[in-house]
Each structure stands twice: as C-alpha cells, then as structure tokens.
Amino acid sequence: MAGRRNDGRLAGDRILQEAMTAIAEEGLATLTMAALGRRLGTSGGHILYYFGSKDRLLLETLRWSENGLAEERRTLLGRRVTAGRKLDLFVELYLPRGPRDPRWTLWLELWARTSADAELQRAQEEIDRGWHDDLVTLLAKGMEQGRFKERDPEARAGELLALLDGLSTRVVLGQRAADRERALATARSAATRLLDRV
C-alpha cells in the first residue's frame, strides 16, 4: 500500500493527507480514529498510538497543510511581479476556497480549543506568525518601492490579517452573502484603502 514505510507502518504524511481528505469529503464531525483507520487500511489504535489524541492529530494535520502553504508563500514572495499583485495573490492564498475548506474547518475547531490547551495556543501563534511575518515583508517592500503609502507595515499587516480572518470565518461557515468571490472583492477593496495603494 502506498504511504507505508519499509517496516510496514503507515508514514505520518500519508495519515495527515488522508485526514485532510476525509475532512474535505465528510466534515470534521465524522472524523474518528477508527474511521480514519478504515480509510487507510489500518486500525484506529495504530493512529492513536502515532498521534496520542484526536487533538494532536488535528493539530498535526493543520501544521502539515500550513507547511505546504508556507512553501507557496515563499514562492509568491520571490515572484517578479508588483507588490500589489503579490498582495492580491497573498489574499487569494489566505482565504478559504469555500464553505467546506478543510484547512479553515481545522482552524475554527482548533481556535475554539486554544484557551484550554497551551500547546494548541503556541502552535496557533507559531502558524499565525508565519503569515504575519511574510505579509510584513511584502508590505514593507511595497512601501519601499512606492507602491503602498509609507506606513507601519507591522500594524497594517495585523489589521489586514484580522479582516481576512473575519471574512474567512464567514465564508467557511457558509453565512448568507459570504462566498469566496465576495470575500476577495471586499479584501482587495479594504487593502486598497488601508494601504493607499498607488
């Protein structure tokens, strides 16, 4: 079976990929260790042994997903396009694809649990910091190039990410009149005002 190591055990990445696929197809409520084990042709106990708890599985699945997006952000920041275009691409990457976006489903689930779990809180802050730092870099470069009005890039990044989080939550919850295209339009309009794009 694909995804098994030489010793016959399932590789961690294969488990995480299948967990993300299961969330996308069936939602988070039906994701159990036993159900995931059946999808992978192994036991729920094996997965529990590997991760220790469902919370840990969810966290590692989110980290796995976010690591892929961090690679995409690095590629985006290195592209030879204007700062305004990079910002548009950043926003597109950040926002959920729709109401069943599995990454954002995980985010909402873990946000609800962070107040009672220090490890989850630290992990969430670490992942958030990657997005924030990359956006600060993008905005600072755009300000240096005269594409955005010279302002505090740290503050502007924090404001823009707060807006994106709000829009993303509305999209992933499937709220009325909140779809990806409207969220993109709102985010672009707000970024233009916030940054005084040239």
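**Charges, pocket and helices of a predicted model**

Q: How far apart are the mean positions of the positive and negative charges of the protein chain?
A: Lys and Arg count as positive and Asp and Glu as negative, while His and the chain ends are not counted. The place of a charge is taken as NZ of Lys, CZ of Arg, CG of Asp or CD of Glu. With 33 positive and 30 negative charges in the protein chain, the mean positions lie apart by 4 Å.

This is a predicted model, in which local features need pLDDT of at least 70 and side-chain atom pairs count only at pLDDT 80 or more, whereas totals for chains, interfaces and linings use all residues. Residues are numbered from 1 along each chain as its sequence is written, and side-chain values use heavy atoms, with hydrogens and water left out.

Q: How many helices and strands does the secondary structure of the protein chain come to?
A: Helices (H or I, at least four residues) and strands (E, at least two) are DSSP runs, numbered from the N terminus. Read along the sequence, the pattern is α-α-α-α-α-α-α-α-α. The count for the protein chain is therefore nine helices and zero strands.

Q: Which element gives the most to the lining of the largest pocket?
A: A pocket is an open set of points on a 1 Å grid over the protein atoms alone, where a 1.4 Å probe fits, with protein on both sides within 12 Å along at least five of seven lines; lining residues have an atom within 4 Å of a point. The largest pocket holds about 200 Å³ of space, a volume being the space filled by probe spheres set on the points, which are joined across faces, edges and corners. Both α4 and α6 (102–113) give two or more residues to this lining, which includes Trp64, Glu72 and Arg103. With five residues, the element that gives the most is α4.

Q: Is Glu60 buried or exposed?
A: Glu60 is found in helix α4 (residues 54–77), and leaving aside neighbours within four places in sequence, Glu60 is in contact (heavy atoms within 4.5 Å) with Leu16 and Phe51. Buried means under 20% relative accessible area, exposed over 50% and partly exposed in between, with a 1.4 Å probe and protein chains only. Because its relative accessibility is 16%, Glu60 counts as buried.

Q: Where is the place of Ala177?
A: Ala177 is not a glycine, although its phi is positive, at about 60 degrees. Its place is in the loop between α8 (153–172) and α9 (180–195).
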